[in-house]
Amino acid sequence: MDGNTKRLTINTTRLQSRIEQLSQIGKIGETGVCRLALSKEDRAGVELVRSWMDEAGLKTRLDHFGNLIGRMQGAYEDAPVLMIGSHIDSQPYGGRFDGVIGVLGGLEVIQTMREQGVVPQQPIELVAFCDEEGCRFQKGLFGSWGMIGRIDPEDLERTDKNGISRRQALHEFGCDPACLEESCYAEGSIGAYLELHIEQGPILDNDEEPVGIVTAISGPLWWTVEMTGFAGHAGSVPMYMRKDALLGAAKVITALNELAKLDASAPTVGTVGHLQVFPDSRNIIPERVRFTVDLRDIDLERRNAREQALREVIELAAMEGGLTYTITEDTNSVPRYCAEWIKQILRDQSKEMGLTPPELMSGPFHDALALSYACDYAMIFVRCKDGISHNPQEYSSYEDIALGTELLYRTAVQIACREYQ
C-alpha cells in the first residue's frame, strides 16, 4: 500500500473482502462474472449485499423495480435524501468491478460513518439499482429510471432471448409490476446523488492517476432497427433479384462505424452490439434482420448530425436492396453535466488527500444519468487497467478503489452534515 492508502478512514480490508465474495456469484472463468439482471444470480447477489446492509445497521427494502435500498437515518428525517449507489448486475461476459465498487464502496462509506459516530443531517440511502446494464432486455437503467417515474409502459413487455418478459422476470424476482407507482420517489425528495465507478476507459490509466472527477455523461441514443427483405434459396436466386436484409444491415453497420470516426478529435462512438437474423440458415437468403444501434456523444449537435446521416444511409440501403425497415427509439438522452458545487467539494477533499484528480467526461452511461433528471449529481471514476471493461480482464487495483471510496466518504460527509434548514 502507498502512503495515501495508509491514511484512509474506511476499512479497506472489509471492502476488498466484500468485492471478492460478490464476484463468486455468477463467476465465469478465473475473473469473469455473468450476473444478468433479475436472474437467479442477480437475486443471490442482492441477498448477499442486503445481508451486509443489515450488518451495517441500515433499514433495507427491495422495491418493485427490483432496486435494493438501504437507509441510514438522519437528524432530520423529512429532509431530501443523499443517495449513493450503482448496480451489481453485469454483462454476460463481464468483470468483477463494474457497478460493484459503487454499491460496496457506498456501503463502506455509510458503515464508516456509523463507526465514526457521524450523524448526517439528512437521511442517506444506498441503492443497488436494478438492470443498469440493459443487456438482457436491450434497454438499461430500468431501476433508476423507474425510481423517478420515467419508464415507458412497454418496458415491462420487453423480452429476453428466451422469451421471458421483464414483467415475468420481476414477478419471479419477488416484485409486483402492478405496484410500481408505490416505488417512485416524489419530486424533490432526493437531494443529491453520488456514484463511484470504474472509468471503463483508458484516460486515468494513461495519465497514471488513481481517480478522476467526472464532468458530464455523454448522451446515448439507442435504436432497434429491423430491415425486411425476402427469403429464397441461396443457390438459385440470381444476385440482382435478391432482397437480402442482412446485406442492407451490413451497409448500415459499416456506415455507422465511418460516421462515428468522421472527426478523429471528437469522442463520438457508434456500435452495433446485437444482431438477429431470420431464418438464420446458411443456404437461405436472410429475410429479416434486427439489430441495435448505440450512438453517443457529449456534443448533442454533432450527435444529431450523425443521427440524420445514419437515417439517410438506412433509407438508401433499403431502396437499393428492395427492403422495408423500421427504427424504434429505445433511449434518447442529452448530455448531462455534473453539479459544480459537488465537483468543488470533490476537488477540495481530493486536495486534502494529496490527490490531483483529472476531470473527464463519461462516454458510458450510468445510473447517475437517470438521477440527474431528479437532482444534482456527481461521479468519481477509478482507474481501470488499459481501460478494459465489459470483459473478464477488467481490473482496478484495490488501492485505487480504496482511494475512490475514501473520496466518496469525505464528500458524502461534507454534503450530509451541512446544516439543514
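Me: Why does C338 count as buried?
Reply: Its relative accessibility is 8%, and buried means under 20% relative accessible area, with exposed over 50% and partly exposed in between (1.4 Å probe, protein chains only), so C338 counts as buried. Keep in mind that this is a predicted model, where local features need pLDDT of at least 70, side-chain atom pairs count only at pLDDT 80 or more, and totals for chains, interfaces and linings use all residues. Residues are numbered from 1 along each chain as its sequence is written, and side-chain values use heavy atoms, leaving out hydrogens and water.

Me: How do you know that the sulfur of C375 is too far from the closest cysteine sulfur for a bond?
Reply: That closest sulfur sits in C338, 11 Å away, while a disulfide is a pair of cysteine sulfur atoms within 2.5 Å, so it's too far for a bond. Searching the whole structure turns up zero disulfides.

Me: What makes E226 and R290 a salt bridge?
Reply: Their closest N and O atoms are 2.7 Å apart, and the term asks for a side-chain nitrogen of Lys or Arg within 4 Å of a carboxyl oxygen of Asp or Glu, so the pair qualifies. E226 is in strand β9 and R290 in strand β12, 64 residues apart; strands (E, at least two) and helices (H or I, at least four residues) are DSSP runs, numbered from the N terminus.

Me: Why is R290 called partly exposed?
Reply: Its relative accessible area is 36%, which falls between the buried and exposed cut-offs. E226, at 18%, counts as buried.
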